[in-house]
Amino acid sequence: MIIRLGRGNPGIGSRVFRRRAAWIIFEKFAAEHHYLKAIEAAGSDDADKVAAQMRKMKINDFMTRDGWIREDGRVMREMY
C-alpha cells in the first residue's frame with residue numbers, strides 16, 4: 001500500500017510537514033538563545049570570542065540537557 005504525503009493525501013502530509021516545521025523553529029530558537037547567552041558571557045560580539053564561549057558553555061534548553069559543541073561545530077547530545 002502506498003500513502004502519498006503530498007497533494008494526494010493532504011491530511012497526512014500537512015500534519016507531517018507542520019510537525020517538522022515546528023521542530024525546525026524550536027531548533028533555531030535554541031541555537032539563537034545559546035548564541036545570545038554566549039555574547040552576554042563573552043562581553044563582546046566578536047565572532048571568534050563568541051564562538052569560543054559557545055564551545056565552553058554547556059547547552060541546557062528544552063531539547064538538550066548538558067550538551068556541548070565540538071570543535072567542528074556539531075552539537076553533541078546524550079540520547080538516552
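D66 counts as partly exposed, because its relative accessibility is 42% and partly exposed covers what falls between buried (under 20% relative accessible area) and exposed (over 50%), with a 1.4 Å probe and protein chains only. The place of D66 is in the loop between α2 and β1, and its phi is near 60°, a positive value in a residue other than glycine. Most residues other than glycine have a negative phi.

This is a predicted model, in which local features need pLDDT of at least 70 and side-chain atom pairs count only at pLDDT 80 or more, while totals for chains, interfaces and linings use all residues. Residues are numbered from 1 along each chain as its sequence is written, and side-chain values use heavy atoms, with hydrogens and water left out.

**Overall fold**

- The protein chain has two helices and two strands, which run α-α-β-β from the N terminus on; helices (H or I, at least four residues) and strands (E, at least two) are DSSP runs, numbered from the N terminus.
- Of the 80 residues in the protein chain, buried residues make up 18%.

**Aromatic cluster**

- Two aromatic pairs are counted, where rings of Phe, Tyr and Trp (its six-membered ring) pair if their centres lie within 6.5 Å, and planes under 30 degrees apart count as stacked, over 60 as edge-to-face and the rest as tilted.
- W23 and F26 form an edge-to-face pair, at 5.6 Å centre to centre and with 85° between the planes; both residues lie in helix α1, three residues apart, about one turn of the helix.
- W23 is partly exposed, with a relative accessible area of 38%, and F26 is partly exposed as well, with 37%.
- The rings of F26 and F62 have their centres 5.8 Å apart and their planes at 85°, so this pair is edge-to-face.
- Because F26 lies in helix α1 and F62 in the loop between α2 (47-56) and β1 (68-69), the pair ties together parts that are 36 residues apart in sequence.
- F62 counts as partly exposed at 48% relative accessibility, and ring pairs link W23, F26 and F62 into a cluster.

**Nonpolar surface patch**

- W23, I25, F26, F29 and F62 make a nonpolar surface patch of about 540 Å², and of these F26 lies in helix α1 (residues 10-42).
- Patches are made of residues with over 30% relative accessible area and no salt bridge, with like charges joined within 9 Å and nonpolar side chains (Val, Leu, Ile, Met, Phe, Trp, Tyr) within 5 Å.

**Salt bridge**

- A search of the whole structure finds one salt bridge, a term that requires a side-chain nitrogen of Lys or Arg within 4 Å of a carboxyl oxygen of Asp or Glu.
- The side chains of R70 and D72 meet in this salt bridge, at 2.7 Å from N to O; R70 counts as partly exposed at 35% relative accessibility, whereas D72 counts as exposed at 52%.

**Largest pocket**

- The largest pocket has a volume of about 210 Å³; on a 1 Å grid over the protein atoms alone, a pocket is an open set of points where a 1.4 Å probe fits, with protein on both sides within 12 Å along at least five of seven lines, and lining residues have an atom within 4 Å of a point.
- The lining of the largest pocket includes E27, H34, M54, D61, V75 and R77, and its largest share, four residues, comes from α1.

How values were computed: Areas by Shrake-Rupley, 256 points an atom, 1.4 Å probe, with all protein chains shown as cover. Points joined across faces, edges and corners; volume = space filled by probe spheres on them.
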